Amino acid sequence: MVEFMKREQWNSRIGFILAAVGSAIGLGNIWRFPYMAYENGGGAFFIPYLFAMLSAGIPFMIMEFSLGHKLRGASPKIFSKLGENYGLRLEWLGWFQVFIAAIIAIYYVAVIGWAISFFSFSFDQSWGGDTNAFFFGEYLKIGDHSPTSLGGFQLHIAIPMAIAWSITFMAIFTGVKGGIERASKIMMPLLFFMVLILIGRIVFLPGALEGLNYLFQPDFSKIMDAKVWSAAYGQIFFTLSVGFAIMLAYSSYLPEKSDINNNAFMTVLINCGFSILAGVLIFAILGYMAQEQAKPLTEVVSSGVGLAFVTIPAAINLLPAPYIFGPLFFFALVVAGLSSHISIIEAVTSALIDKLCMPRKKAAIIVCGSGFIISMAFATNGGLLLLDLVDYFINNVALLFSCFAELIILAWLFKIADVREYANRISDFTIGSWMDLCLRFISPAMLAIILVKNLINTVN
Ligand code: PHE
Ligand code: NA
């Protein structure tokens, strides 16, 4: 009876890795990474990117997996336990991370909702010829009222968002093993499979190779540009879902005997490998589109919301068998988004379970229920504006600050070598003291530079 609430556990190692990969692979890999690489030196971007992956991504992942595994709690509990030994109050950092996660969850789901809608439109390309007017005008109805007004509730956006919430809710409600792990084991292989099929056909279309040329052609003159390095580090922190409570929660369900170093390498490498696949897919499509429309590629290339909901639909219109490739693309987007959404919601839910000793099912109802209601703000015709604002603040300020604070506390206040030794003791292979160097100097310095740069940009 002492261990009344025994902590849930993953069923298998592969299940954990797929769940962590599911969190990492998200909209960012599909619509952010390809453009980042293209903008920041093409093939040459891989040098700073790989450097950031090795010096920041992998060490950070090992650190979070170790903390979750050792302290067995959601983020607030982990930081509060860490602080206890030193007489410090650190729980706030955990709640700050949970708060960021909750905000992301609320707007991320809006994009998943749009992707569900576009999945349904893609069977007969009912977005028509002018995809720009369709997305912003007919679908989001931005022009209808002043975009700042939160009036104009859009049922056709609310319904797909409700679908997304229900899937997330089912996974969280069912629990770590039966819900999250099972969902990841279906979603991740499916996602890779769909993307490979898309690539397999699209790279053989005329113009596709020119597109790839644009993506991979190295512009080494950019290597010395500080902007390129900060873009690489920024992308690594964003894409790996570290620093905002997610990987801490997921690794708190690891069984006693787990190979932390190996799991961290796998998660990071699979995620970054997928990013490259997504880059190939997106630039092959863009190259084909440029060729068909006899435009230079620079005129069709885009990222983010515009890429996914304006450019890609226009490209799908031009594809052979659009009724196959359209649904495949948007289904892949939905799957990538949902698996990340599940992980964000789990970060919030597990914090409530820990803090209030609440049963999982009750916590799931509270978190998903209130999340659903708040997210309805994005189903209005002010949704996009609100989304841009929140997204900007989260990615450029809050997330970086959270990673920075976590690093300073762990690598400077505490002894990061202890964390490394902890991971090494239970892993197949050991990590050398280079990891301490990365976490104490390289990563915080890069984070501080990017953060200051972004703050200056925000003020201007
Ligand atoms: N890593 C995700 C991506 O690249 C981003 C993300 C994950 C955002 C989880 C929020 C929560 O898209
Ligand atoms: Na995902």
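A residue counts as near a molecule if its C-beta atom, placed from the backbone, lies within 6 Å of it. In this predicted model, 15 residues are around ligand 1, and G26, G28, T239, S241 and S340 come nearest. Two or more residues of the shell come from each of these elements: helix 1 (13-24), helix 2 (27-39), helix 5, helix 10 (226-239) and helix 15.

Sorted by class, the shell around ligand 1 holds seven nonpolar and eight polar residues, with no charged residues.

## Packing of helix 5 and helix 15

Helix 5 and helix 15, which both contribute to the ligand 1 shell, also pack against each other. Helix 5 covers residues 91-122 and helix 15 covers residues 322-356. Their axes lie 8 Å apart, at an angle of about 160°. Because angles over 145 degrees count as roughly antiparallel, helix 5 is roughly antiparallel to helix 15.

The two helices, helix 5 and helix 15, cross in a left-handed sense. The contact of helix 5 with helix 15 has 24 nonpolar residues and five polar ones, and no charged residues.

## Position of I366

I366 is located in helix 16, which spans residues 360-375. Around I366 there are 15 other C-beta atoms within 10 Å. A residue is buried at 20 or more such atoms and exposed at 12 or fewer, so I366 is partly exposed.

Along the chain, I366 and K177 are 189 residues apart.

How values were computed:
Residues numbered from 1 in each chain as written. Chains lettered and ligands numbered in written order. Predicted model: local features only at pLDDT ≥ 70, side-chain atom pairs only at ≥ 80, totals over all residues. Axes fitted to C-alpha atoms, helices over the stretch in contact; angles between N-to-C directions. Helix = DSSP H or I, 4+ residues; strand = E, 2+ residues; numbered from the N terminus. Parallel < 35°, antiparallel > 145°, perpendicular 65-115°, else oblique. Left-handed = near helix turned anticlockwise from the far one by under 90°. Nonpolar A, V, L, I, M, F, W, Y, C, P; charged D, E, K, R; others polar.
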